[in-house]
Amino acid sequence: MVKLLIIADDFTGALDTGVQFAARGAATRVVTDLAYDFNRAEAEVLVMVAETRHLAPEDAYRMVYSTVRSARSAGISYIYKKTDSALRGNIGSELAAVLDAAEADSIAFLPAFPKMRRTTQNGIHYVDGIPVAESVFGKDPFEPVRDSSVAEILRKQTEKPVVLHRLEEPAVPAVPGIQVYDACTDEDLARIGGELGAERLHLSAGCAGFAAALADILELNGSEPQVPILPDSFFVACGSVNPVTLRQMRRAEQDGFIHIHLEPVQKLEPGWLESEDCGRKIRIWLEQARSSGRCILDVNDPLGLDDTEIYAKAHGLTTEDLRIRISAQLAHLMKRLLDGGLNATILCTGGDTLLALMRTVGVAALTPVRELDTGTVLTNFVYGEKTYHIISKSGGFGEPELFCRLAALVGAGNHKEDAVC
C-alpha cells in the first residue's frame with residue numbers, strides 16, 4: 001500500500017527526491033505512466049513524473065488536480081508536491097491544484113535545498129548566496145526565473161493566500177494558505193518538519209531538501225540499499241544547457257574525456273537517424289566509448305560557436321521546438337548506442353534527457369538505489385532483458401569535478417587506448 005505519493009515536475013527531480021526515501025530503505029518506485037493505477041502499487045513511496053514544468057499553467061493545474069484526486073480515492077494518506085529547487089515552472093498553479101483536489105486550505109511549502117546551497121531567507125530564494133533571479137537560473141534559455149521572492153512567484157500564478165514564516169517564528173500556521181518557510185540548513189528543515197508533525201504534513205511541497213526530513217518524520221525506512229557492481233566504462237548523455245553542466249564537461253575534457261558535440265543536423269533532424277552517416281557515427285562513437293572508457297555525447301555547440309541558433313533561425317524553429325527535438329533526438333541516438341552494444345554506466349544530465357530515453361526504449365518505471373553525490377542519483381531499468389545502470393543529474397547541480405569523480409567511482413578511464421577520430 002502506498003503511504004506517500006510524490007508528484008514531480010520533472011524527471012531528475014523525481015529521482016533526487018525519491019532517492020531520499022529509497023536510501024533509507026523505503027520501497028520506492030518512480031513511474032512515468034500518468035494513468036498508473038495507484039491501487040496496484042506495491043511500493044511504500046510512489047513517485048509520479050508528471051512533467052508539468054514546461055506546460056501551460058492551466059494544463060499543469062489540471063494534471064496535478066486529477067492525480068491528487070485519484071490518489072485520495074485510492075486511500076493514499078500523504079501527498080508531496082515536488083517543486084524545482086530554483087523555483088522554475090508552475091509552482092503556484094500546482095500547489096493550488098493540490099489544495100483544491102484535497103479540499104484543503106493549507107499546505108506547507110519548504111523550497112530550500114541547503115546541501116545544494118539553495119536557501120530561503122526572509123522570503124527570498126537564493127542560489128549560491130545570490131537571489132535566484134540574478135543567478136544562472138535567471139538566464140535559463142527555456143524557463144528563466146524572473147523573481148527572487150517566493151511570495152511574488154506564487155502570487156503571479158495563483159490567488160491562494162501566501163503566508164511567510166521567518167526562521168524565528170513558530171512553524172504551526174495560524175491562518176490558511178500556502179505556508180512558505182524560510183530555511184538555511186538541513187537542521188532548519190528538520191526542526192520545521194518536527195514542529196509541524198506528521199498530522200500537519202498530509203499535504204506538503206518542496207524539493208529533495210525537505211524530502212529527507214519528511215522521510216524521517218513519516219518513519220519511511222528499512223535496510224540501506226547496496227550499490228551494485230557498475231560497468232567500468234562511463235558514458236555521459238548531456239541534454240542540459242545549464243552553465244553548471246557546461247563547466248563540468250569542460251573540466252572532464254581537460255581530464256581526458258572524449259567530448260563529442262552533436263552537429264545541428266545530428267540533433268535536430270529525425271531523418272538523419274536513418275542515414276548511412278548516422279550508422280557510421282554510431283560505430284565510431286561505440287569504439288570511442290570502448291577504447292577511452294570515458295565519453296560525453298553533448299547537444300551543446302563547441303565553445304564560441306552558435307551553429308544551433310543559426311540553424312534554428314534558418315529553419316524557423318522556436319526555443320520550445322529546440323527543447324523537444326533535441327531531447328528526442330538524443331534519446332534515439334542513445335537507443336541506437338544501447339542496441340549497438342554500449343556497455344557503460346550512463347550519466348544523463350537534464351530531466352528531459354532521461355525521460356525521452358525511457359519513452360524511446362519503452363520503459364515506464366525506474367528503481368532509485370541511492371545518491372552517489374548530492375542530487376546525483378543511481379537508478380536502473382531493464383531494456384532488452386538487460387539491466388542498465390543510469391545516473392541522473394539535474395543540469396544545475398554539482399561541482400566542476402563531478403563527472404571526473406563519478407568516472408573514478410566506477411573505475412572508468414583506467415584502460416585508455418588511442419581513441420578513434
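Biologist: Which residues does T83 touch, not counting residues up to four places away in sequence?

Modeller: This is a predicted model. In it, T83 touches D9, I91, F109, G206 and C207, with neighbours up to four places away in sequence left out. T83 itself lies in the loop between β4 (78-82) and α3 (91-102). As for G206, its C-alpha atom is separated from that of T83 by 5.2 Å, although the two residues are 123 residues apart along the chain.

Biologist: Why does T83 count as buried?

Modeller: The label buried needs a relative accessible area under 20%. T83 has 2% relative accessibility, so it counts as buried.

Biologist: What makes S394 buried, and which residues does S394 touch?

Modeller: The relative accessible area of S394 is 10%, and the cut-off is under 20%, so S394 is buried. S394 is found in the loop between β18 (386-393) and α13 (402-409). Not counting residues up to four places away in sequence, S394 touches T12, R88 and G375.

Biologist: Why are α1 and α12 called roughly perpendicular?

Modeller: Helix α1 (residues 11-22) and helix α12 (residues 351-361) pack at an angle of about 95°, and their axes are 6 Å apart. Angles of 65 to 115 degrees count as roughly perpendicular, so α1 and α12 are roughly perpendicular to each other. On the α1 side the contact is made by F11, T12 and L15, and on the α12 side by G351, L354, L355 and M358. By class, this contact has five nonpolar, two polar and no charged residues.

Biologist: Why is the aromatic pair of F381 and Y388 called tilted?

Modeller: A pair of aromatic rings is described by the distance of the centres and the angle of the planes. For F381 and Y388, the centres are 6.1 Å apart, and rings pair if their centres lie within 6.5 Å. The planes are at 45°; under 30 degrees would count as stacked and over 60 as edge-to-face, so the pair is tilted. F381 is buried at 2% relative accessibility, and Y388 is buried with a relative accessible area of 7%.

Biologist: Which residues do ring pairs link into a cluster, and how many aromatic pairs are there by this rule?

Modeller: The cluster consists of F381, Y383 and Y388. The count comes to seven aromatic pairs.

Biologist: How do you know that the charged end of R40 sits over the ring of Y36?

Modeller: The charged end of R40 is 4.5 Å from the centre of the Y36 ring. The distance cut-off is within 6 Å, with a further condition of within 35 degrees of the ring normal. R40 is assigned as sitting over the ring of Y36.

Conventions. Residues are numbered from 1 along each chain as its sequence is written. This is a predicted model: local features need pLDDT of at least 70, side-chain atom pairs count only at pLDDT 80 or more; totals for chains, interfaces and linings use all residues. Side-chain values use heavy atoms; hydrogens and water are left out. Axes are lines fitted to C-alpha atoms, for helices over the stretch in contact, and angles run from 0 to 180 degrees between N-to-C directions. Helices (H or I, at least four residues) and strands (E, at least two) are DSSP runs, numbered from the N terminus. Angles under 35 degrees count as roughly parallel, over 145 as roughly antiparallel, 65 to 115 as roughly perpendicular and the rest as oblique. Contact means heavy atoms within 4.5 Å. Ala, Val, Leu, Ile, Met, Phe, Trp, Tyr, Cys and Pro count as nonpolar, Asp, Glu, Lys and Arg as charged, and the others, Gly among them, as polar. Rings of Phe, Tyr and Trp (its six-membered ring) pair if their centres lie within 6.5 Å; planes under 30 degrees apart count as stacked, over 60 as edge-to-face and the rest as tilted. Buried means under 20% relative accessible area, exposed over 50%, partly exposed in between (1.4 Å probe, protein chains only).
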